[in-house]
Amino acid sequence: MTTEARSAAGTRREWHLEPESEYRFELDPGTSLAIKLVRGNAEIFGSELAEGKQYLFGSECQPSTEYVSDETPMAAYANLHIAFEQMRVRALRVVHGSPPRNDDPSALADPPRVLVLGPDNSGKTTVCKILVNYAVRAGQGWSPLLVNVDPSEGGWAAPGAISAAPVQSPIPTCSPANPLGSAATSAPTALPANALLPLVYWYGHAETRRNPLLMDRLIRNLGENVKDKYDVDAEGTSLRWEDVINDVLTCFEARVSGLIVDTPSSFGAGTGANDHRHKLIKACVEAFKINVILVVGHEKLNVEMQRTYGSQLTVVKVPKSGGVVELDHNYRERIHNDQLHTYMYGQIIPPPPGIASATAGGEALTELTLAPSSTVISFDDLTIFRVGAETMAPSSALPIGATRVVSEMQPVPVDPSQPGSGLLNAVLGLLAPPNPEESERYDEEILDLTITGFLIVTNLDIPHRKMTILAPNQGSVAGKTAIVGSFEWQDQ
């Protein structure tokens, strides 16, 4: 296989890759790289590259480097894909009412429901993308559900969110600002990415330890929605969720495609007897009915999971890729800013000199630019809540016998006119309206509502009780409700 790479400096290099080898690169901030497959076959994280087509990569924040490695864990990942394919085929036979095969009559007939765990900088999201891309490329009509419960990554939405979406075509990779590619939440209507309609809940923080009770509840809410999507009545109509994806979820292949859950690094390492990570792992296992746990490159975590869940489900340790890069806190902060900028303005990657046409994540560059809307609204137009106190110590840190004045799960109204409201430059998650079929209202109902989009408060005019908000598109927010977390962003 031969690939051609052209850097931001305009230099062109040609690489000849042997089978089972990898071309790896990192980019300086503000630079880009265009790659073209000259001949042969190649893929990036399981998504196949077309011969002769320019692929653009950018928005990295690491010192520039590039090299070829013949040490790759792809054989192990391919073996996992084959095992999951066998599980899907067995599950499909059961759905069709076919008898079990004689070669393995005792094998489980459930589709793969996979939880991917690992420490910081282990490549969990990469493993998830590879397995999902292999599934949709198998040519069997699979559309696995990809679930992201890592609020520091944000998935298809914004940092602080957890989400899930059925995937029907390979997930592209072009930038850390779009770790799972573009979705209909912020993409122009002409894009193929609009086939992705993620279901999103707003946690509002990067770290799961900030409010583990809320994180537990949102994970279980997401799992309940996933369950409802696969509970199909006799006429083949879904019980809940957006009608636009009902046709996808009612076909047999979609129902047995399974799901893959990407998790935060905090699930893979922790300290102390009151460590919340085991409760959150248990919440994932129960909410998504997990039957396979993948542990990426961590022997101790593998032993923990074997001891805890080995009798209930399959626990498999898989190798960590040597191409994984150690990321620091400052890098993650820059990526969060890039993600929020991309949500509002689209994916903007200037091509290297000499490249007239290229694609970013399979989409034409001209189709990835957005024009957000800045609107002045009254304080009374939008009802804003904060879940729990703005700064809250863990329950274990309270004095003996002490109780909270504000619980970790209590929605607290935020008055924009009050000093110290914390709303200037804050990211707001705009909530969907309550289910009209449920007449009974309750205090914590807003915790169970999904997110329809995100807003940024760019200015507060307290004397006139006005605020300026930035949104991806025009539309009234009068009478709507939003939740503020700890993320902030300034348009620069």
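Colleague: Before we start, what pLDDT do local features need here?
Modeller: Residues are numbered from 1 along each chain as its sequence is written, and side-chain values use heavy atoms, with hydrogens and water left out. This is a predicted model, where totals for chains, interfaces and linings use all residues, side-chain atom pairs count only at pLDDT 80 or more, and local features need pLDDT of at least 70.

Colleague: Okay, take the sheet that holds S18 and S20: which strands stand at its edges?
Modeller: Helices (H or I, at least four residues) and strands (E, at least two) are DSSP runs, numbered from the N terminus, and two strands pair if DSSP finds at least two bridges between them. This sheet is open and mixed, with 7 strands in the order S18-S23-S22-S21-S24-S19-S20. Two of its strands have a single partner strand each, so one side of each is left without a neighbour in the sheet: S18 (373-378) and S20 (411-413).

Colleague: And which residue is the bridge partner of Ser 374 in S23?
Modeller: S18 and S23 (residues 466-471) run antiparallel and are joined by 6 bridges. In S23, the partner of Ser 374 is Leu 470.

Colleague: At about what angle does H8 run to S22?
Modeller: Axes are lines fitted to C-alpha atoms, for helices over the stretch in contact, and angles run from 0 to 180 degrees between N-to-C directions; contact means heavy atoms within 4.5 Å. H8 (residues 329-345) lies across S21 (426-431), S22 (451-461), S23 and S24 (480-488). Its angle to S22 is about 100 degrees.

Colleague: What do the buried residues of H8 pack against?
Modeller: Buried means under 20% relative accessible area, exposed means over 50%, and partly exposed is in between (1.4 Å probe, protein chains only). In H8 the buried set includes Tyr 331, Ile 335, His 336 and Leu 340. The buried residues of H8 pack against S21, S22, S23 and S24.

Colleague: How far apart are the end C-alpha atoms of H8?
Modeller: The expected span of a helix is 1.5 Å times one less than its number of residues. For the 17 residues of H8 that should give 24 Å, and the end C-alpha atoms agree with it, being apart by 24 Å.

Colleague: Which residue in S11 stands opposite Leu 146?
Modeller: S10 (residues 145-148) and S11 (residues 161-166) pair in the antiparallel sense over 4 bridges. In S11, the residue opposite Leu 146 is Ala 165.

Colleague: How many disulfides does a search of the whole structure find?
Modeller: A disulfide is a pair of cysteine sulfur atoms within 2.5 Å. The number of disulfides found in the whole structure is 0.

Colleague: Stacked or edge-to-face, how do Phe 25 and Phe 57 pair?
Modeller: Rings of Phe, Tyr and Trp (its six-membered ring) pair if their centres lie within 6.5 Å; planes under 30 degrees apart count as stacked, over 60 as edge-to-face and the rest as tilted. Here the centres are 5.5 Å apart with the planes at 70 degrees, so the pair is edge-to-face.

Colleague: How many residues apart are Phe 25 and Phe 57?
Modeller: Phe 25 is partly exposed at 22% relative accessibility, whereas Phe 57 is buried at 7%. Phe 25 sits in S3 (residues 22-26) and Phe 57 in S7 (residues 54-58), so to speak linking distant parts of the chain, with a separation of 32 residues.

Colleague: Last one: how far is Leu 17 from Asp 70 in space?
Modeller: Leu 17 is in the loop between S2 (12-16) and S3, and is buried at a relative accessible area of 6%. Not counting residues up to four places away in sequence, Leu 17 touches Met 1, Thr 3, Tyr 23 and Val 68. Asp 70 is 53 residues away in sequence, and the distance in space, C-alpha to C-alpha, is 8.9 Å.
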